[in-house]
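This report looks at how parts of one protein chain meet. Look at the sequence and the model before reading on.

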Amino acid sequence: MSAQRDRPELRLVPDACYPSWESVYDDNVTWVYRMLYARLGSRADAEDLTSEVFLAALRPLRLTASVAEVRSYLRATARTVLAAHWRATMGREITAIDDIDALEAATDDEAVSSTAPQRVAGVLAQLPPQYRRVLELRFLQGRSVRESANDMGVSVANAKVLQHRALRLAAQINEGGAP
């Protein structure tokens, strides 16, 4: 019996429709959140973007659509929301969401392991000290631009410029470009 519990359960996707918006949310929120968290590595950002996905899908999505169609639409909406997030934060569009099927297959008690913290540490290590510091303050410690500027002893405008340049350089490093 315990051998059966160790194996992930396969779920059959019915052709039926969802009875209500709450059931759409309840059945899909976990995999949408996990997918976004695996790409972002930040719980707060993943929660915010998960909310955005469901808000964006609410109006155009039909309850008469099958469960598979709803999931497909939510996946496409998640890509769009994630692309908008990356465009706003890094100035570039990143729309590839890998391993969606593996993330959907994860059970509720399984933790989705993310390599994001290791990737972030590797990129930060390659940045000049000022760039690394502004990104650590802003995104790892969750400080405002004003607080970050005060901690660094620079003006708010300078902190904004440093953050912008640091994000661009971090994106180049992450894509394998030279710093």
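Is N28 buried or exposed? The model is a predicted one, and in it N28 has a relative accessible area of 0%. Buried means under 20% relative accessible area, so N28 is buried.

N28 is part of helix α2, which covers residues 21-40. Its side chain reaches the backbone oxygen of V24, at a distance of 2.8 Å. Leaving aside residues up to four places away in sequence, N28 touches Y18, F54, V70, R71 and L74. Two of these names, F54 and R71, return below.

**Helix α3**

Helix α3 runs over residues 43-58 and has 16 residues. At 1.5 Å a residue, a helix of this length should span 22 Å. The C-alpha atoms at the ends of α3 are 23 Å apart, which agrees. The buried residues in α3 are A46, L49, T50, V53, F54 and A57. Seen down the axis of α3, the buried residues fall within an arc of 140°, so they line one face of the helix.

**Aromatic pairs**

How many aromatic pairs does the count come to? The count comes to 2 aromatic pairs. In one of them, the rings of Y25 and F54 have their centres 5.0 Å apart and their planes at 65°. Planes over 60 degrees apart count as edge-to-face, so the pair of Y25 and F54 is edge-to-face. Y25 lies in helix α2 and F54 in helix α3, so this pair ties together parts that are 29 residues apart in sequence. Y25 is partly exposed, with a relative accessible area of 40%, whereas F54 is buried at 13%.

Y33 and Y37 also form an aromatic pair, and this one is stacked, with 6.0 Å centre to centre and 10° between the planes. Both residues lie in helix α2, 4 residues apart, about one turn of the helix. Y33 counts as partly exposed at 22% relative accessibility, while Y37 is buried, with a relative accessible area of 16%.

**The salt bridge**

Side chains of opposite charge can pair when their charged atoms come close. A search of the whole structure finds 1 salt bridge. It is formed by D27 and R71, with the closest N and O atoms 2.6 Å apart. D27 lies in helix α2 and R71 in helix α4, so the pair ties together parts that are 44 residues apart in sequence.

| Residue | Relative accessible area | Class |
|---|---|---|
| Y25 | 40% | partly exposed |
| F54 | 13% | buried |
| Y33 | 22% | partly exposed |
| Y37 | 16% | buried |
| D27 | 29% | partly exposed |
| R71 | 10% | buried |

**Helix α4**

Where is E69 found? E69 is found in helix α4, which covers residues 67-90. E69 is partly exposed, with a relative accessible area of 45%. E69 and C17 are 52 residues apart in sequence, but their C-alpha atoms are 9.3 Å apart in space.

F54 pairs with Y25, and R71 forms a salt bridge with D27.

Key:
Residues numbered from 1 in each chain as written. Predicted model: local features only at pLDDT ≥ 70, side-chain atom pairs only at ≥ 80, totals over all residues. Heavy atoms only, no water. Helix = DSSP H or I, 4+ residues; strand = E, 2+ residues; numbered from the N terminus. Buried < 20%, exposed > 50% of the residue type's maximum accessible area, 1.4 Å probe, protein only. Polar contact = N/O pair within 3.5 Å; in protein donor to acceptor, adjacent residues only side chain to side chain. Contact = heavy atoms within 4.5 Å. Expected span 1.5 Å × (residues − 1). Arc of directions from axis to C-beta. Phe/Tyr/Trp six-rings, centres within 6.5 Å; stacked < 30°, edge-to-face > 60°. Salt bridge = Lys/Arg side-chain N within 4 Å of Asp/Glu carboxyl O.
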